[in-house]
Amino acid sequence: MAAVWQQVLAVDARYNAYRTPTFPQFRTQYIRRRSQLLRENAKAGHPPALRRQYLRLRGQLLGQRYGPLSEPGSARAYSNSIVRSSRTTLDRMEDFEDDPRALGARGHRRSVSRGSYQLQAQMNRAVYEDRPPGSVVPTSVAEASRAMAGDTSLSENYAFAGMYHVFDQHVDEAVPRVRFANDDRHRLACCSLDGSISLCQLVPAPPTVLHVLRGHTRGVSDFAWSLSNDILVSTSLDATMRIWASEDGRCIREIPDPDGAELLCCTFQPVNNNLTVVGNAKHNVHVMNISTGKKVKGGSSKLTGRVLALSFDAPGRLLWAGDDRGSIFSFLFDMATGKLTKAKRLVVHEGSPVTSISARSWVSREARDPSLLINACLNKLLLYRVVDNEGTLQLKRSFPIEQSSHPVRSIFCPLMSFRQGACVVTGSEDMCVHFFDVERAAKAAVNKLQGHSAPVLDVSFNCDESLLASSDASGMVIVWRREQK
């Protein structure tokens, strides 16, 4: 039964190339929703004959609307071979999150052996390892791949050259964090060591600073958007976190650190935005309830050094925390209570501060292992593979950058690549923004943006990758525009 809806999804994905050609993120959202609906129908128990009839009618209707595909009849071949072992990564993520068989008593996830986890990853990679670099991945969404990539190379896709705008309202004080709002193309925020946060709007022109959030008495070390973008949470060296309304910039609540220590980083729990995790200078991680302003019982743990970086996995069940002594700890997060259970520890390099952690459930269609991107003051950007559901890390590769002392951050590119190769972007102390292809064995550098006059501390994409923002140690924020072909 499941094979039929996979064939339907394959047909939808192939025709998806013709939908909204200028807005690829809509095609991604569409195919994800189709996957959800088809899985729901698969559970309804419809007769196989009815399913096959639906597949035929669906193909006929799409053919009438968009015309015949260039490779007629290939949907069945794909579904019988590659599709079974390489469904869309979004679909795999949903299965990981929703499968009730993977949950034990009281909603806790059962342990998955490292061996089975690695075997599945090897099976995923085996389909792609013989493909030439830069080629379109041979899946049922190859047509969508060409439309999304525009038949250009990966280097051309990430040719950010022109400056769209420069914000300098925080000049002379470092801007350690810049972030676009979630699923938003034109709203941007940045925090500064001058103690303020700026909310910016890029469209309509000219770009403007909508609000400057003031209240912290010392530098703002980090901030995060809520999932719905209605609030922001910020942490400061004044030992407080603040909750802000993004609509008008007012401070909703001020929450002191439970230890009275400098707060250095924060992140929302991705499923329950009522919970925020903060890290402080007294080596502690705390789960805070922003509605009550209180620490969650059982939601605290101690690291070996000052907590500089935090990141959840997509389902919100694993939390990684990095400190200034070179260690990364993984924690199991209890979704019901907010309790943290320490799981694993990795020493990246003794004494080298871990300044950035970015988690991703996938990198690209051919690099489907859950991964962490790490900056750790080693003059390298590190990519780790997550090898089990306790957050154990295995180094996959590294990329050369300049970072020995500044709190440089990096990110995965937000859109899933249907073409072989996928990019990560990082700041650097050489005053440049660097793009690297994580799957290219040699000459991994894809692009380098020059324009800053101080070490680049953070980078952020908008939702459709048309704009990239970068901030530096002198207070300048540059918004880069994708080069138009």
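## Overall picture

A contact means heavy atoms within 4.5 Å. Residues 24 or more positions apart account for 55% of the contacts with a separation of 6 or more in the protein chain. The chain holds nine helices and 28 strands. These are DSSP runs, numbered from the N terminus: helices are H or I with at least four residues, strands are E with at least two.

Of the 485 residues, 56% are buried. Buried means under 20% relative accessible area, exposed over 50%, and partly exposed in between (1.4 Å probe, protein chains only). The accessible surface is about 20400 Å², and 52% of that belongs to carbon and sulfur atoms. These areas come from the Shrake-Rupley method with a 1.4 Å probe; for residues, only the protein chains shown count as cover.

## Confidence

This is a predicted model: local features need pLDDT of at least 70, side-chain atom pairs count only at pLDDT 80 or more, and totals for chains, interfaces and linings use all residues. Residues are numbered from 1 along each chain as its sequence is written, and side-chain values use heavy atoms, with hydrogens and water left out.

The protein chain averages a pLDDT of 80 (the predictor's confidence in each residue, from 0 to 100). A score of at least 70 is reached by 70% of the residues. Over residues 70-151, pLDDT stays under 50. The model has 147 contacts beyond four places in sequence for that stretch. Where pLDDT is low, the predicted coordinates should not be read in detail.

## The E2-E5 sheet

Four strands form an open sheet in the order E2-E3-E4-E5, with antiparallel pairing. Two strands pair if DSSP finds at least two bridges between them. At the edges are E2 (177-180) and E5 (208-214), each pairing on one side only. The twist averages 20° from one strand to the next.

E4 (residues 196-201) and E5 share six bridges in the antiparallel sense. Ser 196 stands opposite Arg 214 in E5.

E14 (residues 307-312) is mostly covered, with six of its six residues buried. Five bridges join E14 to E15 (residues 318-323), and the two run antiparallel. Leu 310 stands opposite Ala 321 in E15. Five residues separate the strands of this hairpin. In the turn, Gly 316 has a positive phi of about 80°.

## Cysteines

A disulfide is a pair of cysteine sulfur atoms within 2.5 Å. By this rule there are zero disulfides. Cys 266 is in no disulfide either; the nearest cysteine sulfur, that of Cys 265, is 7.3 Å away.

Cys 191 counts as buried at 0% relative accessibility. Cys 266 counts as buried at 2%.

Notes: Axes are lines fitted to C-alpha atoms, for helices over the stretch in contact, and angles run from 0 to 180 degrees between N-to-C directions.
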